Amino acid sequence: MKYLRWCVVMLFLILPLGACTQKEPATEKGKVQVVTTLFPLYDFARVVGGDRVEVSLLVPPGVEPHSFEPKPEDMVRINRAGMFVYTNPYMEPWVAGLLKGIDRRLLTVVDASRGITFLPAGDHDDEHDVNEGGHHHAGMDPHVWLSISNARKMVENIAAALEVKDPPNAGFYRKNAAAYDQKLAELDRKFQEGLANCGTRQFFHGGHYAFGYLADRYGLQYVSAYAISADAEPRPRKLTAMIDQIRRSGTKYIFYEELISPRVAETISRETGATLLKLNGIHNLSRDELHGGATYFSLMEQNLADLRTGLQCR
Ligand SMILES: [Zn+2]
């Protein structure tokens with residue numbers, strides 16, 4: 001109140017308006033301004049925050065996020081927000097540097113993966129590939145959101161941060177988070193049941209190693225052509241081995257990933273006769289998907305349907 005009065009006085013003294021607006025960059029029309037890096041975080045924040053928050057995505061639609069580095073204008077955008085939500089230090093290693101130059105009294109920074117147990121990046125065969133292509137990740141797998149039980153934890157982390165940031169709406173955030181958590185728990189059960197009786201428990205992926213957490217959660221064996229980073233190239237030796245493995249196992253499907261050219265998956269498909277099926281790693285959406293109203297929930301439902309086809313589940 002005292003501050004407000006001071007501002008009004010200053011206004012009359014015709015001082016720059018900036019002096020009065022500077023202290024309240026976190027909210028616009030009373031809404032918490034939330035900047036998130038990847039789509040799942042954006043989706044979780046808007047589900048929990050509803051109309052009390054203004055959520056925006058840092059990584060532009062259609063951009064492959066593993067190679068994303070924030071530009072100076074992104075830094076300004078984060079600095080002006082009230083809350084910044086990132087996936088984890090393995091997905092966005094640039095966050096550590098960013099935080100050094102930011103006023104933490106105004107900005108709430110949320111590591112959405114807090115409390116989640118990380119898995120190593122890739123199978124043991126991938127160790128060399130990880131060093132070459134995945135230098136960002138320091139050996140741990142960043143794709144935690146592809147296990148629904150981890151997604152539930154991320155929602156909880158975002159909700160807890162919003163409750164502290166905006167106490168008058170804490171009850172609203174808690175209620176939304178609880179309702180969404182129940183939906184996610186049901187979807188998790190659907191995955192468990194839907195993937196229980198399948199012709200095979202092994203799935204082949206002509207993409208980068210993104211589904212380690214999903215495979216771990218539902219007891220599947222996962223083979224990917226690329227290492228952890230999407231811009232890494234598969235080694236010819238690994239590709240040949242994968243083609244052999246598919247031929248031997250009699251697998252009828254090969255998965256490809258979103259946002260990246262399915263060139264490798266197509267090669268494998270041509271060599272083995274396996275049918276191509278999309279498996280969405282839900283890092284980021286295309287502009288069309290985003291405007292079409294796709295959600296983490298709808299994309300995971302689609303993934304379950306495609307996995308059931310690919311694994312020949314009953
Ligand atoms: Zn990835």
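Ala294 touches Leu285, Glu289 and Leu299 when residues up to four places away in sequence are not counted, two residues being in contact if their C-beta atoms, placed from the backbone, lie within 7 Å. The model is a predicted one, in which local features need a pLDDT of at least 70 and side-chain atom pairs count only at pLDDT 80 or more, whereas totals for chains, interfaces and linings use all residues. Residues are numbered from 1 along each chain as its sequence is written.

Ala294 is found in the loop between helix H12 (287–291) and helix H13 (296–310), where helices (H or I, at least four residues) and strands (E, at least two) are DSSP runs numbered from the N terminus. With 18 C-beta neighbours inside 10 Å, Ala294 counts as partly exposed; a residue is buried if 20 or more other C-beta atoms lie within 10 Å of its own, exposed if 12 or fewer, and partly exposed in between, with C-beta atoms placed from the backbone. Although Ala294 and Asp43 are 251 residues apart along the chain, their C-alpha atoms are separated by 9.4 Å.

In the protein chain as a whole, there are 13 helices and nine strands. Buried residues make up 40% of its 314 residues, and of the contacts with a separation of 6 or more, 64% are accounted for by residues 24 or more positions apart.

Helix H7 (residues 148–165) is mostly covered, since 13 of its 18 residues are buried. At 1.5 Å a residue, the 18 residues of H7 should span 26 Å, and the end C-alpha atoms of H7 are 26 Å apart, which agrees; the expected span of a helix is taken as 1.5 Å times one less than its number of residues.

Helix H3 (residues 39–49) packs against H7 at an angle of about 55°, with the two axes 10 Å apart, which makes H3 oblique to H7. Axes are lines fitted to C-alpha atoms, for helices over the stretch in contact, and angles run from 0 to 180 degrees between N-to-C directions; angles under 35 degrees count as roughly parallel, over 145 as roughly antiparallel, 65 to 115 as roughly perpendicular and the rest as oblique. The contact is made by Pro40, Phe44, Ala45, Val48 and Gly49 of H3 together with Ala151, Met154, Val155, Ile158, Ala159 and Leu162 of H7. By class, the residues of this contact divide into 10 nonpolar, one polar and no charged, where Ala, Val, Leu, Ile, Met, Phe, Trp, Tyr, Cys and Pro count as nonpolar, Asp, Glu, Lys and Arg as charged, and the others, Gly among them, as polar.

Between H7 and helix H8 (residues 170–194), the packing angle is about 180° and the axes are 9 Å apart, so that H7 is roughly antiparallel to H8. Among the residues that meet here are Ala151, Val155, Ala159 and Leu162 in H7 and Tyr173, Ala177, Tyr180 and Leu184 in H8. The contact of H7 with H8 has 13 nonpolar, one polar and six charged residues.

H3 and H8 also pack together, at an angle of about 125° and with their axes 7 Å apart, and these two helices are therefore oblique to each other. Val47, Val48 and Gly49 of H3 make this contact with Tyr173, Asn176, Ala177 and Tyr180 of H8, and its residues comprise five nonpolar, two polar and no charged.

Further individual residues were examined towards the end of the chain. Arg270, found in helix H11 (residues 263–272), counts as exposed with 10 C-beta neighbours inside 10 Å. Ile282, in the loop between strand E9 (275–278) and H12, has a positive phi of about 45° although it is not a glycine, and with 24 C-beta neighbours inside 10 Å Ile282 counts as buried.

In the segment after H13 lies Leu311, which is buried, with 21 other C-beta atoms within 10 Å. Leu311 and Cys198 are 113 residues apart in sequence, yet their C-alpha atoms are 5.7 Å apart in space. Apart from neighbours within four places in sequence, Leu311 is in contact with Leu195, Cys198, Gly199, Thr200, Arg201 and Phe203. Gln312 also lies in the segment after H13; its phi is near 50°, a positive value in a residue other than glycine, and Gln312 is partly exposed, with 13 other C-beta atoms within 10 Å.
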